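Visitor: I have a structure open and would like to talk it through. Could you show it here before we start?

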Amino acid sequence: MNLSKASARSPSLFDFLSRVSYILNVELKALTNPISKNVDRRLFVNLLKEINNGDTIMFKSVMGDIYTAKEMIRNIVDETDIGVEYTNSMLRTVRDFLSRKAKRKE
């Protein structure tokens, strides 16, 4: 398993491994900060604020919970698990979309 790649893709795994390494007093150099933690949350909040109706459904979590634009803004600002899940999902979606678009032009 590539810990660097896995920790970059999963904020919860990164946090878990960071805590375990701290408790065990072991340095894990292979960990990579998740991208969503390095991207300013204001970027995501501003994108959501562009939605005219704050009650527009913007996200469905892996657990099936539905969130509006207003709710997602609050979750991102408060750095909740669902806010992190949303920002990670958005980044992956954009990455995959741009990759598919680039491949079509070949």
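Visitor: Which residues make the nonpolar surface patch?
Guide: Phe 16, Val 20, Tyr 22, Ile 23, Leu 24, Val 26 and Leu 28 make a nonpolar surface patch of about 750 Å². Patches consist of residues with over 30% relative accessible area and no salt bridge, where like charges are joined within 9 Å and nonpolar side chains (Val, Leu, Ile, Met, Phe, Trp, Tyr) within 5 Å. Accessible areas come from the Shrake-Rupley method with a 1.4 Å probe, and for residues only the protein chains shown count as cover. This is a predicted model, in which local features need pLDDT of at least 70 and side-chain atom pairs count only at pLDDT 80 or more, while totals for chains, interfaces and linings use all residues. Residues are numbered from 1 along each chain as its sequence is written, and side-chain values use heavy atoms, with hydrogens and water left out.

Visitor: Where is Leu 28 found?
Guide: Leu 28 is in the loop between α2 (11–23) and α3 (35–38). Helices (H or I, at least four residues) and strands (E, at least two) are DSSP runs, numbered from the N terminus. With a relative accessible area of 33%, Leu 28 is partly exposed; buried means under 20%, exposed over 50%, and partly exposed in between (1.4 Å probe, protein chains only).

Visitor: And the overall layout: what pattern does the protein follow along the sequence?
Guide: The pattern reads α-α-α-α-β-β-α-α, with six helices and two strands in total. Of the 106 residues in the protein, 25% are buried.

Visitor: In what sense do β1 and β2 pair?
Guide: Strand β1 (residues 57–60) pairs with strand β2 (residues 66–68) in the antiparallel sense, over three bridges. Two strands pair if DSSP finds at least two bridges between them. Phe 59 stands opposite Tyr 67 in β2. The hairpin of β1 and β2 has five residues between the strands, and Gly 64 there takes a positive phi near 95°.

Visitor: How many aromatic pairs are found in the whole structure?
Guide: The search finds one. Phe 59 and Tyr 86 are edge-to-face, at 5.2 Å centre to centre with 85° between the planes. Phe 59 belongs to strand β1 and Tyr 86 to helix α6 (residues 81–104), so the pair ties together parts 27 residues apart in sequence. Rings of Phe, Tyr and Trp (its six-membered ring) pair if their centres lie within 6.5 Å; planes under 30 degrees apart count as stacked, over 60 as edge-to-face and the rest as tilted.

Visitor: Are Phe 59 and Tyr 86 buried or exposed?
Guide: Both Phe 59 and Tyr 86 are buried. In α6, the buried residues include Ile 82, Gly 83 and Thr 87.

Visitor: What does α6 reach from its first C-alpha to its last?
Guide: α6 has 24 residues and reaches 35 Å, close to the 34 Å expected at 1.5 Å a residue. The expected span is 1.5 Å times one less than the number of residues.

Visitor: Now to charges. How many salt bridges does the count come to?
Guide: The count comes to four, where a salt bridge is a side-chain nitrogen of Lys or Arg within 4 Å of a carboxyl oxygen of Asp or Glu. One of them joins Arg 41 and Glu 79 at 3.0 Å, N to O. That pair links distant parts of the chain, 38 residues apart: Arg 41 is in helix α4 (residues 41–49) and Glu 79 in the loop between α5 (69–77) and α6.

Visitor: Which side chain meets Lys 70?
Guide: Asp 55 meets Lys 70 in a salt bridge of 3.5 Å, N to O. Lys 70 lies in helix α5 and Asp 55 in the loop between α4 and β1, so the pair ties together parts 15 residues apart in sequence. Asp 55 is partly exposed, with a relative accessible area of 49%.
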